[in-house]
Amino acid sequence: MRLETLAIHAGNIITDSHQPAVQPITTSTTFVHHEGSVIYSRANNPNRMALENVLAKLEHGEDAAAFSSGNAAALAVFQALEPGSHIIAPDDMYHGIHRQLVEILKGIVEVSFVDLADLEMVRASVKPNTKLLWIETPSNPLLKITDIRALVAIAKEIGAKVACDNTFATSVFQNPILLGADIVMHSTTKYLGGHSDILGGALICKKADDFWQRIKMIQHVGGAVPSPFDTYLLVRSIKTLAYRMKGHAEHAGIIAEFLYSHPNVEEVCYPGLKSHKNHHVAASQMSGFGGMLSFMVKGSAAEADRVISKLKYFTNATSLGGVESLVERRAAVEGPDSKTPSNLIRMSVGLEHLDDLLEDLSQALQE
């Protein structure tokens, strides 16, 4: 089955004797003991099984594990490492996972934050105890691109695992496992959910090895699992993922070009632009460039706030990946320690009519 067909059919596991065309929601927290029983809903649930099945197939992995949030999924990877392990992570990455590494895991693991596009810097950061390379490509919020194949080659030399946050690209446009990564992570809250009404996360493995079994144990014993209703909604949303992503990417590409040529815009971060520093790398590992972009307005943070305040169809809100367009001045959200430029606006391009979005941006950027 091709991706669009997988998205529709791989999430249906029918356990009802009436054989409904769509899998029903199983809310029971406990199950009769028998051979093959899932026993208890923290351990497993029919709706979660369906979600994990479709996620594994979409990412070309052997198994998947669903979590209650993207942060919970990422934390499970870090918790699966032996104490004292060294992690190489990107210098531009999602703020919430960065906080995990520097606040929650302080004293438990070592971390080096590196520009992963600089392979020599990555090599120079390797230590005898380096056990994980954490990739986020495209990155949040600067849309940096990491060469997954090149990082995998370095990791193989030192016997480290490679985990890739694929939230921005999704399996529609990028498959890190096919590029050599060991684990793929998603915040399913974003494009997989697609409607800004589900919180969730997921991990998919290339091989269900001992490290993966430890992650599955953390999922089970740690208990940060999604509800049956949330997994049902995710399976439903994934059915339209391929078509939604095509619309998001088409709109984002046109808006990026518009912003790039606008006199009141200083810089645009979008891997689909040929001006992007690593456009060639993105083109080699992505089949499309996604619906996320960032741009810096000419002027200060106040000017960026002024532009946001004038927008009508772009909601000033955190998160991304929904059908509605969202913007935020990312540095204001990340707080005083943020390294994000203060005049940068992160944009999640939605599925409204493109002309309405372009007209809205045009009037907001007028001086």
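A helix here is a DSSP run of H or I that is at least four residues long, and helices are numbered from the N terminus. The views below all show a predicted model.

**View 1. His-251 sits in helix H10, among residues from another part of the chain.** Look for His-251 in helix H10, which covers residues 241-260. Is this histidine buried or exposed? His-251 has a relative accessibility of 11%, and buried means under 20%, so His-251 counts as buried.

View 2. Strand E6 takes in residues 183-186 and strand E7 residues 201-205; the two run antiparallel and are joined by 4 bridges. Within this pairing, Val-184 stands opposite Ile-204 in E7, while Met-185 stands opposite Leu-203 in E7. How do E5 and E6 run, parallel or antiparallel? E5 and E6 are parallel, with 3 bridges joining them. One link to spot is Ala-163, whose bridge partner in E6 is Ile-183.

**View 3. The side chains of E6 point in two directions.** In a regular strand, side chains alternate between the two faces of the sheet. Now look at E6 itself: Ile-183 and Met-185 point one way, and Val-184 and His-186 point the other way. Are these four residues buried or exposed? All of them are buried.

**View 4. Helix H3 is mostly covered.** How many of the 11 residues in H3 (residues 70-80) are buried? The count is 9.

**View 5. H3 packs against H8.** The axes of H3 and H8 are 9 Å apart, and the two helices pack at an angle of about 125°. That angle makes H3 oblique to H8, and their crossing is right-handed. On the H3 side, Ala-76, Val-77, Gln-79 and Ala-80 make the contact, and on the H8 side the residues are Phe-211, Arg-214, Ile-215 and Ile-218. Sorted by class, the residues of this contact are 6 nonpolar, 1 polar and 1 charged.

**View 6. H3 also meets helix H4.** Helix H4 spans residues 95-104; its axis and that of H3 come within 10 Å and cross at roughly 40°. H3 is therefore oblique to H4. The crossing of H3 and H4 is right-handed. Asn-71, Ala-74, Leu-75 and Phe-78 of H3 make this contact with Gly-96, Ile-97, Gln-100, Leu-101 and Ile-104 of H4. How many charged residues does the contact have? It has none, but 6 nonpolar and 3 polar residues.

**View 7. H12 and H14 pack against each other.** Helix H12 covers residues 301-310 and helix H14 residues 354-365; the two pack at an angle of about 135°, with axes 8 Å apart. H12 and H14 are therefore oblique to each other, and H12 passes H14 in a right-handed crossing. Arg-306, Val-307 and Lys-310 in H12 meet Asp-360, Gln-363, Ala-364 and Leu-365 in H14. This contact has 3 nonpolar, 1 polar and 3 charged residues.

Terms used: Residues numbered from 1 in each chain as written. Predicted model: local features only at pLDDT ≥ 70, side-chain atom pairs only at ≥ 80, totals over all residues. Heavy atoms only, no water. Buried < 20%, exposed > 50% of the residue type's maximum accessible area, 1.4 Å probe, protein only. Axes fitted to C-alpha atoms, helices over the stretch in contact; angles between N-to-C directions. Parallel < 35°, antiparallel > 145°, perpendicular 65-115°, else oblique. Left-handed = near helix turned anticlockwise from the far one by under 90°. Contact = heavy atoms within 4.5 Å. Nonpolar A, V, L, I, M, F, W, Y, C, P; charged D, E, K, R; others polar. Pairing = 2+ DSSP bridges.
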